[in-house]
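Visitor: I have a structure up on my screen and a few things to ask about it. Could you walk me through it?

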Amino acid sequence: DLDLAICTGFGDGRNVINVLSSDAVVACRGGAGTLSEVALALKNGKPVVLLEWKLHDLPLRPFLESGLLRTAASPLEAMHLLTAYLGPS
């Protein structure tokens, strides 16, 4: 379901708009653009759920320990984590 569409023509600048317009972020495995969105979210205190990521070699321990960053093995688990953080809609 989509509540609000945010259309941009800013190339990679859309990452900033998308992240700062969000209450929380679910990141599917991706490339450098996805990593930049994860970094922007964490730097701005937005909760992040990484869906099916391998966390070794990423400097994310402080965010995991703070509870700001979570991991999920399935979309359903990601939704449960977001609901726990944001509350029911």
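Guide: Let's start with a term: pLDDT is the predictor's confidence in each residue, on a scale from 0 to 100. This is a predicted model, so local features need pLDDT of at least 70 and side-chain atom pairs count only at pLDDT 80 or more, while totals for chains, interfaces and linings use all residues. Residues are numbered from 1 along each chain as its sequence is written, and side-chain values use heavy atoms, with hydrogens and water left out.

Visitor: What is the mean pLDDT of the protein chain?
Guide: Of the residues in the protein chain, 93% reach 70 or more. Where pLDDT is low, predicted coordinates should not be read in detail. The mean for the protein chain is 85.

Visitor: Which element of the protein chain has the lowest confidence?
Guide: Helices (H or I, at least four residues) and strands (E, at least two) are DSSP runs, numbered from the N terminus. Confidence is highest in strand E1 (residues 25–28), with a mean of 92. At the other end, with a mean of 80, is helix H3 (residues 61–66).

Visitor: In what pattern do the helices and strands follow along the sequence?
Guide: The protein chain has four helices and three strands. Read along the sequence, they give α-β-α-β-α-β-α.

Visitor: What is the radius of gyration of the protein chain?
Guide: The radius is taken over C-alpha atoms, and the globule rule is 2.2 Å times the number of residues to the power 0.38. For 89 residues the rule gives 12 Å, and the chain comes close to that, so it is as compact as a globular protein of that length. Along the principal axes, the C-alpha atoms fill a box of roughly 35 × 30 × 20 Å. The radius of gyration itself is 13 Å.

Visitor: How much of the protein chain is made up of buried residues?
Guide: Buried means under 20% relative accessible area, exposed means over 50%, and partly exposed is in between (1.4 Å probe, protein chains only). Among the 89 residues of the protein chain, the buried share is 26%.

Visitor: Is Thr34 buried or exposed?
Guide: Thr34 sits in helix H2 (residues 32–43). Contact means heavy atoms within 4.5 Å, and leaving aside neighbours within four places in sequence, Thr34 has contacts with Ala27, Cys28 and Trp53. Its relative accessibility is 18%, so Thr34 counts as buried.

Visitor: Which residues does Val25 touch, not counting residues up to four places away in sequence?
Guide: Val25 is in strand E1. Its relative accessible area is 11%, so Val25 is buried. Lys54, 29 residues apart from Val25 in sequence, is 17 Å apart from it in space, C-alpha to C-alpha. The residues that Val25 touches are Ala41, Pro47, Val48 and Val49.

Visitor: What separates the C-alpha atoms of Pro47 and Val25?
Guide: Pro47 is in the loop between H2 and strand E2 (48–51), and it is buried, with a relative accessible area of 9%. Not counting residues up to four places away in sequence, Pro47 touches Asp23, Ala24, Val25, Leu68 and Tyr85. Pro47 and Val25 are 22 residues apart along the chain, and their C-alpha atoms are separated by 6.3 Å.

Visitor: Where does Leu51 lie?
Guide: Leu51 is buried, with a relative accessible area of 9%. Not counting residues up to four places away in sequence, Leu51 touches Val26, Ala27, Cys28, Arg29, Ala72, Ala73, Ser74 and Pro75. The C-alpha atoms of Leu51 and Arg29, 22 residues apart along the chain, are separated by 6.8 Å. As for its place, Leu51 lies in strand E2.

Visitor: What is the phi of Glu52?
Guide: Glu52 is in the loop between E2 and H3 and counts as partly exposed, at 40% relative accessibility. Most residues other than glycine have a negative phi. Glu52 has a positive value, near 60°.

Visitor: How far apart are the C-alpha atoms of Leu60 and Leu20?
Guide: Leu60 lies in the loop between E2 and H3. At 12% relative accessibility, Leu60 counts as buried. Leu60 and Leu20 are 40 residues apart along the chain, and their C-alpha atoms are separated by 20 Å.
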